[in-house]
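Please keep the sequence and the structure in view while reading.

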Amino acid sequence: MLFRRLRGFFSNDLSIDLGTANTLIYARDRGIVLNEPSVVAIREDRGRGMKAVAAVGEDAKKMLGRTPANITAIRPMKDGVIADFTVTEKMLQYFIHKVHESRLIRPSPRVLICVPCGSTQVERRAIKESAAGAGAREVYLIEEPMAAAIGASLPVDEARGSMILDIGGGTSEVAIISLNGIVYANSARIGGDKFDEAIINYVRRNYGSLIGEATAEQIKHQIATAWPGNEVQELEVKGRNLAEGIPRSFTLNSNEILEALQEPLSGIVDAVRKALEQTPPELGADVAERGIVLTGGGALLKGLDRLLEEETGLPVIVAEDPMTCVARGGGRALELMDEKAGDFFSVE
Ligand SMILES: Nc1ncnc2c1ncn2[C@@H]1O[C@H](COP(=O)(O)OP(=O)(O)OP(=O)(O)O)[C@@H](O)[C@H]1O
C-alpha cells in the first residue's frame with residue numbers, strides 16, 4: 001500500500017484519451033497537458049522510397065485536404081479503433097514526447113488508455129502495443145464510458161445506476177454503471193464524423209456542390225442543431241460547384257442542417273432507447289430520477305440534450321467540459337489505483 005502511494009507520488013502517470021478526432025493527455029497533478037487532433041501528415045520521398053512524419057496534431061489537421069502529391073494527412077484512428085498501427089504509434093510517440101519535453105530526463109511513464117467498449121481483443125492489444133512502442137513502462141486500459149463517468153463526477157462506486165452517453169468523433173458509447181462496473185454498454189459507430197459526412201451529402205444533393213470535411217465540421221460547430229430553436233442561424237460557405245467545376249458561395253441555415261443530421265441523430269436516439277430497454281428495472285428507476293449524462297465533443301451539439309429529453313422523457317445533463325471528461329476520468333482512475341489497492345473496477 002505504502003509502496004503504491006509512494007509510486008503514485010513520484011510517478012509521471014499519464015491518462016490518454018486516444019480518440020478518433022482528438023487525443024488528450026492528462027498528467028497527474030498537472031491536468032490536461034495536451035489536446036490535439038489525431039492527425040499525422042506523412043511526407044514521401046518517392047525517389048528514395050522513404051516516408052517521414054511531416055507534422056502531427058494541430059499542424060497536420062490544417063493540411064487535411066490541402067496537401068501536395070508527396071504529402072498525405074492521415075487520421076490513423078477510425079471508428080474509435082486503430083486503422084493504421086504504425087502511424088498511431090508514431091503519433092503517440094510524438095505526443096508523449098511533447099508532454100515530457102520540458103523535463104531533462106526522458107522518463108517512461110505509466111500510461112492508462114481509454115478504449116471503446118466495442119473494441120475487440122485484437123484492437124485492444126494493438127493499442128497496448130502502440131503505447132509500449134511509444135515508450136510507456138506499463139500500459140493499462142479502461143473502457144471509455146467508465147472513464148467518462150468518473151470524469152463527469154458520477155457516483156460510479158455506489159449501488160445506484162448512472163447512465164452515460166459519450167459521443168466522440170467515431171463512436172457513441174452508452175453505458176449504465178453501478179458499483180464500479182459496467183452493467184450494460186453498447187457502442188454505435190456513429191459520432192461527429194458521421195454528422196460531418198451527412199452535411200457533405202446534404203450539400204451535394206441540395207446545392208450540387210462539394211465541400212470538404214473541415215468545412216462540414218465548421219458548419220456543424222457554428223450553426224448545427226439537433227432540435228429546432230426559435231432563432232434560425234445562417235452561414236455562408238464555399239464549395240466546388242459540381243456542374244461548373246468552380247468554387248461558388250451559398251448560404252446554409254440551421255434548419256437545413258437539422259434536416260441533414262436526421263439519420264445519425266436517430267441512430268444515437270436508437271442506441272439510447274436500446275440501452276434503456278436493456279437496463280434492469282431498479283437501475284432504470286435510478287436513471288429516470290437522475291437523468292442521462294452526456295460527454296464527448298458531440299455533447300456540444302446544440303439541442304442534443306433537448307432532443308434526447310423529448311425522445312426518452314428523461315432528464316438529460318451535459319457534463320461540465322464534456323470533451324475532457326474521458327481523459328480526466330482516466331487520470332482519476334490512475335490515482336484510485338494507487339489509493340485503493342486491488343482492482344476494484346475494471347482496468348485491464
Ligand atoms: N460545438 C460542437 N458542436 C458539435 N460538435 C462538436 C462541437 N465541438 C466538437 N464537436 C465534435 O466532437 C467530435 C470530437 O469529440 P471527441 O474529442 O470527444 O472525440 P474523440 O474522443 O476523438 O472520438 P472517439 O471517442 O470516437 O474516439 C468531433 O466530431 C467534433 O467535430
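Which residues in α5 meet which residues in α12? In this predicted model, the α5 side of the contact consists of E144, A147, A148, A149, I150 and G151. Their counterparts in α12 are C325, V326, R328, G329, G330, R332 and A333. The residues of this contact divide into 7 nonpolar, 3 polar and 3 charged. As for the geometry, α5 covers residues 144-151 and α12 covers residues 325-339, and the axes of the two helices lie 7 Å apart at an angle of about 85°. Because angles from 65 to 115 degrees count as roughly perpendicular, α5 is described as roughly perpendicular to α12.

The wider layout of the chain may be considered next.

In soluble globular proteins, nonpolar side chains tend to be buried together. Here the largest nonpolar core has 93 residues, and the members that touch the most others are I113, I164 and I199. Leaving aside residues up to four places away in sequence, I199 touches A216, I219, K220, I257 and A260. Helix α7 spans residues 213-223, and its buried residues are A216, E217, I219, K220 and I223. Among the elements that cover these buried residues of α7 are helix α6 (192-207), strands β15 (234-241) and β16 (247-253), and helix α8 (254-260).

Most residues other than glycine have a negative phi. D29, however, is a residue other than glycine with a positive phi, near 65°. D29 lies in the loop between β2 (22-27) and β3 (31-37). Is D29 buried or exposed? D29 counts as exposed because it has 10 C-beta neighbours inside 10 Å, and the limit for an exposed residue is 12 or fewer.

S153 is likewise not a glycine, and its phi is positive at about 60°. The loop that holds S153 runs between α5 and β11 (162-167). With 14 other C-beta atoms within 10 Å, S153 is partly exposed.

Note on methods. Residues numbered from 1 in each chain as written. Predicted model: local features only at pLDDT ≥ 70, side-chain atom pairs only at ≥ 80, totals over all residues. Core = buried A, V, L, I, M, F, W, Y, C linked by C-beta atoms within 7 Å. Buried ≥ 20, exposed ≤ 12 C-beta atoms within 10 Å, placed from the backbone. Contact = placed C-beta atoms within 7 Å. Axes fitted to C-alpha atoms, helices over the stretch in contact; angles between N-to-C directions. Helix = DSSP H or I, 4+ residues; strand = E, 2+ residues; numbered from the N terminus. Parallel < 35°, antiparallel > 145°, perpendicular 65-115°, else oblique. Nonpolar A, V, L, I, M, F, W, Y, C, P; charged D, E, K, R; others polar.
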